[in-house]
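Have the sequence and the model open as you read.

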Amino acid sequence: MKSEARTLKPATPVVAQPAQVIALNVPQKPRARQRWLQPLLQRLIPASCGVILLLFVWQLASMSSKGFPTPFATWQAAVTLFTDPFYNNGPNDQGIGWNIVASLQRVAVGFGLAALVGIPAGFLIGRFTFVARMFNPIIALLRPVSPLAWLPIGLLLFQRAEPASSWTIFICSIWPMVINTAEGVQRIPQDYLNVARVLQLNEWTVMRRILFPAVLPAVLTGMRLSMGIAWLVIVAAEMLTGGLGIGFWIWNEWNNLNVENILIAIVVIGVIGLLLEQALMLLARRFSWDK
């Protein structure tokens with residue numbers, strides 16, 4: 001057997017080529033400063049544009065209306081006013097700080113009484129059908145009544161201006177708490193109540209362990225709405241009842257033709273109302289289930 005020889009072709013030499021470096025686009029993490037700076041600018045820039053637009057319209061109004069103060073004149077009056085906001089020269093001449101404190105005290109009394117009455121009433125209306133059918137017509141009748149319509153009733157009942165103002169706040173701010181609490185109770189899943197019935201829990205335990213934790217976000221929402229109404233009503237009530245308070249202070253400044261102080265009081269009222277509402281909103285988010 002003859003052996004066959006195979007002829008192998010010489011291998012082609014491989015020429016080494018320089019390697020190419022490919023740059024990868026690795027996303028860089030944003031710096032800690034950029035994380036909070038960009039959202040802050042996204043909030044501040046539109047807000048600043050709104051303030052500038054308001055000042056521009058204000059300046060146009062002061063130029064077209066005789067006696068209407070300019071923003072700069074109002075700012076100068078505010079600097080003078082808040083240099084000593086808590087001066088006391090007698091019952092009829094006190095600083096704006098004391099007037100704000102007096103109004104907040106009236107709001108606290110009226111709002112507190114409304115919470116003590118409205119929240120339990122909302123639980124009863126939402127829990128028991130008979131109670132709901134008994135009180136729903138009364139709520140539907142009295143809720144749309146103007147706040148100033150209740151003030152003469154308070155003056156007739158209490159014969160004094162101070163309880164009458166708190167009464168007006170109470171009767172006007174109670175309805176959002178009653179309605180929101182009742183709706184919150186009615187929206188509780190029936191399975192929760194069925195479990196309580198199987199476990200033979202008494203009504204107080206059901207109220208404390210099941211209803212109240214589930215309804216708390218709705219209760220806080222009603223309190224936030226009621227606080228806005230209470231702070232709105234107190235200004236109008238104090239204009240009519242007189243005495244110490246931000247509403248009467250505005251009316252007194254109007255009688256003295258101090259329009260700059262009236263505009264300052266409007267801004268102060270708005271800022272305090274905003275702070276009160278934001279505080280209740282933070283509290284509502286603290287106890288919200290959507291965390």
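In which helix is Ala 161 found? Ala 161 is found in helix H6, in what is a predicted model. With a relative accessibility of 30%, Ala 161 counts as partly exposed, because that class lies between the 20% limit for buried and the 50% limit for exposed. Leaving out residues up to four places away in sequence, Ala 161 touches Leu 155 and Thr 241. Thr 241 is 80 residues away along the chain, yet the C-alpha atoms of Ala 161 and Thr 241 are separated by 5.5 Å.

Let's step back for the overall layout. The protein chain has ten helices and zero strands, so if you read from the N terminus on, the elements run α-α-α-α-α-α-α-α-α-α. Of its 291 residues, 34% are buried. Among contacts in the chain between residues at least 6 apart in sequence, 68% join residues at least 24 apart.

Now return to H6 and look at its partner H5. The axes of H5 and H6 come within 8 Å and cross at roughly 135°. That angle makes H5 oblique to H6, because it falls between the 115 degrees that end the perpendicular range and the 145 degrees above which helices count as roughly antiparallel. The crossing of H5 and H6 is right-handed. On the H5 side, the contact is made by Pro 147, Trp 150, Leu 151, Ile 153, Gly 154, Leu 155 and Phe 158. On the H6 side you will find Ala 161, Pro 163, Ala 164, Ser 165, Trp 167, Thr 168, Ile 171 and Cys 172. By class, this contact has twelve nonpolar, three polar and no charged residues.

Between these two helices, H5 (147-158) and H6 (161-186), there is a loop, and Gln 159 is found in it. Its backbone is worth a look: most residues other than glycine have a negative phi. Gln 159, however, has a positive phi of about 60° although it is not a glycine. Gln 159 is exposed, with a relative accessible area of 61%. Where else does a residue other than glycine have a positive phi near 60°? Leu 257 is such a residue, and it lies in the loop between helix H9 (246-255) and helix H10 (259-286). Leu 257 is exposed too, with a relative accessible area of 61%.

Start with H9: the axes of H3 and H9 come within 7 Å and cross at roughly 140°, which makes H3 oblique to H9. Here Ile 96, Asn 99, Ile 100 and Ser 103 in H3 meet Ile 246, Gly 247 and Trp 249 in H9. The classes in this contact are four nonpolar, three polar and no charged residues.

Turning to H10, its axis and that of helix H3 (residues 96-127) come within 12 Å and cross at roughly 40°. H3 and H10 are therefore oblique to each other, and H3 passes H10 in a right-handed crossing. Ile 96, Ile 100 and Leu 104 in H3 meet Val 268, Ile 272 and Leu 276 in H10. This contact divides into six nonpolar, no polar and no charged residues.

Leaving aside its neighbours within four places in sequence, Leu 211 is in contact with Phe 123, Arg 127, Val 185, Ile 188, Leu 193 and Val 206.

To finish, visit H2, where Ala 73 lies. Ala 73 is partly exposed, with a relative accessible area of 25%. From C-alpha to C-alpha, Ala 73 and Glu 260 are 7.3 Å apart in space, although they are 187 residues apart in sequence.

Notes: Residues are numbered from 1 along each chain as its sequence is written. This is a predicted model: local features need pLDDT of at least 70, side-chain atom pairs count only at pLDDT 80 or more; totals for chains, interfaces and linings use all residues. Side-chain values use heavy atoms; hydrogens and water are left out. Helices (H or I, at least four residues) and strands (E, at least two) are DSSP runs, numbered from the N terminus. Buried means under 20% relative accessible area, exposed over 50%, partly exposed in between (1.4 Å probe, protein chains only). Axes are lines fitted to C-alpha atoms, for helices over the stretch in contact, and angles run from 0 to 180 degrees between N-to-C directions. Angles under 35 degrees count as roughly parallel, over 145 as roughly antiparallel, 65 to 115 as roughly perpendicular and the rest as oblique. A crossing is left-handed if the near helix is turned anticlockwise from the far one by less than a right angle, and right-handed if clockwise. Contact means heavy atoms within 4.5 Å. Ala, Val, Leu, Ile, Met, Phe, Trp, Tyr, Cys and Pro count as nonpolar, Asp, Glu, Lys and Arg as charged, and the others, Gly among them, as polar.
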